[in-house]
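Here is a walk through one structure, helix by helix. Take a look at the model first, and then we'll go through how its parts meet.

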Amino acid sequence: MFLNDKKSEFPEVFNNDWITKMIFLTDICNYLNELNIKMEGRGKSIDMIFAIIESFEAKLVIFKRDIDNNTFKYSPLLKDHFQKFSIHEDNENNIKFYSQVICDIQDNFVMRFQDIKIFEPLIKFLKYPEKSIRMVKVGEFRNAVGRVS
């Protein structure tokens, strides 16, 4: 290995816990990159962006359940690492770390996209006016319209 040849001082590279955490973070970054790509570009309406955000938030719930159940179906690189090195179960501290990362991302999404959520009733009304009149509470609609004007 390159680091052995150069006698570099990077002990974490030889630490399996550090490696598994890095692999997990790589899986998560791949999903975040996919999200960025979906949100980029021209021609995306506010309702499309809203749907992309809601979809990703739902995925985060599934990812957390997957981690908590120790199945790693949605962490393919990590699952591959476990299979490659015959690791049947990750240690409890790492599971807590993975779960906390997902929770932190969920919290960050709530904070970052709270402004767009204010417009949810208005977006639904504009997209489906005939359905929304029955579904949207009048007070929510007035609040959303009041913020726009």
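A quick word on helix axes before we start: an axis here is a line fitted to C-alpha atoms, over the stretch in contact when it belongs to a helix, and the angle between two axes runs from 0 to 180 degrees between their N-to-C directions. Keep in mind, too, that this is a predicted model.

The crossing of α3 and α5 is left-handed. On the α3 side, the residues that meet α5 are Ile53, Phe56, Glu57, Leu60, Val61, Phe63, Lys64, Ile67 and Asp68. On the α5 side you'll find Ile95, Tyr98, Ser99, Ile102, Cys103, Ile105, Gln106, Phe109 and Val110. Sorted by class, the contact of α3 with α5 has 13 nonpolar, 2 polar and 3 charged residues.

Let's stay with α3 for a moment. This helix has 23 residues, and from first C-alpha to last it reaches 33 Å, close to the 33 Å expected at 1.5 Å a residue. Which of its residues are buried? They are Asp47, Phe50, Ile52, Ile53, Phe56, Glu57, Leu60, Phe63, Asp66 and Ile67. These buried residues pack against α2 and α5, and also against α6 (114–118) and α7 (120–127). Ser55 also sits in helix α3, but with 35% relative accessibility it counts as partly exposed. Ser55 and Leu35 are 20 residues apart in sequence, and their C-alpha atoms lie 9.7 Å apart in space.

Next up is α2. It has 24 residues and spans 35 Å from its first C-alpha to its last, close to the 34 Å expected at 1.5 Å a residue. Its buried residues are Thr20, Ile23, Phe24, Asp27, Ile28, Tyr31 and Leu35, and they pack against α3, α4 and α5. Just past the end of α2, Gly41 takes a positive phi of about 100°.

How does α2 lie against α5, roughly parallel or roughly antiparallel? The axes of α2 (residues 16–39) and α5 (residues 92–112) come within 10 Å and cross at roughly 25°. The two helices are therefore roughly parallel to each other, and their crossing is right-handed. From α2, the contact draws on Asp17, Thr20, Lys21, Phe24, Leu25, Ile28, Leu32 and Leu35. From α5 come Asn94, Phe97, Tyr98, Val101, Ile102, Ile105 and Phe109. By class, that contact of α2 with α5 has 11 nonpolar, 2 polar and 2 charged residues.

Now for α2 and α4. These two pack at an angle of about 150°, with their axes 7 Å apart, and that makes α2 roughly antiparallel to α4. In α2, the residues taking part are Asn16, Ile19, Thr20, Ile23, Phe24, Thr26, Asp27, Asn30 and Tyr31, and they meet Pro76, Leu77, Leu78, His81 and Phe82 in α4. This contact of α2 with α4 divides into 8 nonpolar, 5 polar and 1 charged residues.

Finally, let's look at the loop between α3 and α4. Asn70 lies in this loop and has a positive phi of about 65° although it is not a glycine. At 27% relative accessibility, Asn70 counts as partly exposed. Phe72 is in the loop between α3 and α4 as well, and its phi, near 60°, is a positive value in a residue other than glycine. Is Phe72 buried or exposed? With 3% relative accessibility, Phe72 counts as buried.

One more stop in the loop between α3 (46–68) and α4 (76–84) is Ser75. Its relative accessibility is 3%, so Ser75 counts as buried. What is Ser75 in contact with, leaving aside its neighbours within four places in sequence? The answer is Phe24, Asp27, Asp66 and Ile67. Asp66 and Ile67, for their part, are among the buried residues of α3.

Key: Residues numbered from 1 in each chain as written. Predicted model: local features only at pLDDT ≥ 70, side-chain atom pairs only at ≥ 80, totals over all residues. Heavy atoms only, no water. Helix = DSSP H or I, 4+ residues; strand = E, 2+ residues; numbered from the N terminus. Buried < 20%, exposed > 50% of the residue type's maximum accessible area, 1.4 Å probe, protein only. Contact = heavy atoms within 4.5 Å. Parallel < 35°, antiparallel > 145°, perpendicular 65-115°, else oblique. Left-handed = near helix turned anticlockwise from the far one by under 90°. Nonpolar A, V, L, I, M, F, W, Y, C, P; charged D, E, K, R; others polar. Expected span 1.5 Å × (residues − 1).
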